[in-house]
Amino acid sequence: IKKDDSILFEISTNLLAKALLSAKSMNTFETKLKLAYQHGEHKLVMTTSSLGMEMNVSQDIQIKMIKANKKGMFSPPIVPAPLVQLEMPPDSSLKNVIDRMKGCQVYL
């Protein structure tokens, strides 16, 4: 397997959320996600195993495959680092500003 191999697909977040919530409602032991091709359609198969009732639930979530040549469309944009600039008030009120900024020192 090459380092840059990837599989791109679109999925409905509503369907995925419903499947995950149903797994959450069970006393879940294990949840597996697997890509599958069944009856001419690509699917994300989610299999959930329950501890208490010894039950397995399998759900098929429809997905739309995206061609590898469109991978660049889904890469994050390259943006330059932000430029931060502060305008300081006259010296007389500088102490008040510094005192207020002490609470922000983690971010500055």
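1. Strand 3 is mostly covered, with seven of its 10 residues buried; buried means under 20% relative accessible area, exposed over 50%, and partly exposed in between (1.4 Å probe, protein chains only). Helices (H or I, at least four residues) and strands (E, at least two) are DSSP runs, numbered from the N terminus. The model is a predicted one: local features need pLDDT of at least 70, side-chain atom pairs count only at pLDDT 80 or more, and totals for chains, interfaces and linings use all residues. Residues are numbered from 1 along each chain as its sequence is written, and side-chain values use heavy atoms, with hydrogens and water left out.

2. Strand 3 runs antiparallel to strand 4, and seven bridges join the two; strands count as paired if DSSP finds at least two bridges between them. Within this pairing, Ser 49 stands opposite Asn 56 in strand 4.

3. Lys 43 is part of strand 3, which spans residues 41–50. Is this lysine buried or exposed? Lys 43 is buried, at a relative accessible area of 12%. Apart from neighbours within four places in sequence, its contacts (heavy atoms within 4.5 Å) are Lys 34, Leu 35, Ala 36, Gln 38, Asp 60, Ile 61 and Ile 63.

4. The structure holds one salt bridge, that is, a side-chain nitrogen of Lys or Arg within 4 Å of a carboxyl oxygen of Asp or Glu. The side chains of Lys 43 and Asp 60 form a salt bridge at 3.8 Å, N to O. Because Lys 43 lies in strand 3 and Asp 60 in strand 4 (residues 56–66), the pair ties together parts that are 17 residues apart in sequence. Lys 43 is buried, whereas Asp 60 is partly exposed at 44% relative accessibility.

5. The largest nonpolar core has six residues: Ala 19, Ala 23, Leu 44, Met 46, Ile 61 and Ile 63. Helix 1 (13–25), strand 3 and strand 4 are the elements that give two or more residues to this core. A nonpolar core is a set of buried Ala, Val, Leu, Ile, Met, Phe, Trp, Tyr and Cys residues joined through side-chain atoms within 4.5 Å. In soluble globular proteins, nonpolar side chains tend to be buried together.

6. Ile 63, a member of that core, touches Phe 9, Glu 10, Ile 11, Leu 35, His 42, Lys 43 and Leu 44, not counting residues up to four places away in sequence. Glu 10 and Ile 63 are 53 residues apart in sequence but 5.6 Å apart in space, C-alpha to C-alpha. Glu 10 belongs to strand 1 (residues 8–11) and is partly exposed at 41% relative accessible area. With neighbours within four places left aside, Glu 10 is in contact with Ile 63, Lys 64 and Ile 66.

7. Ile 7 lies in the segment before strand 1 and is exposed, at 53% relative accessibility.

8. For the protein chain overall, the elements run β-α-β-β-β-α from the N terminus on, giving two helices and four strands. Buried residues make up 14% of its 108 residues. The accessible surface (Shrake-Rupley method, 1.4 Å probe) comes to about 9,600 Å², of which 58% belongs to carbon and sulfur atoms.
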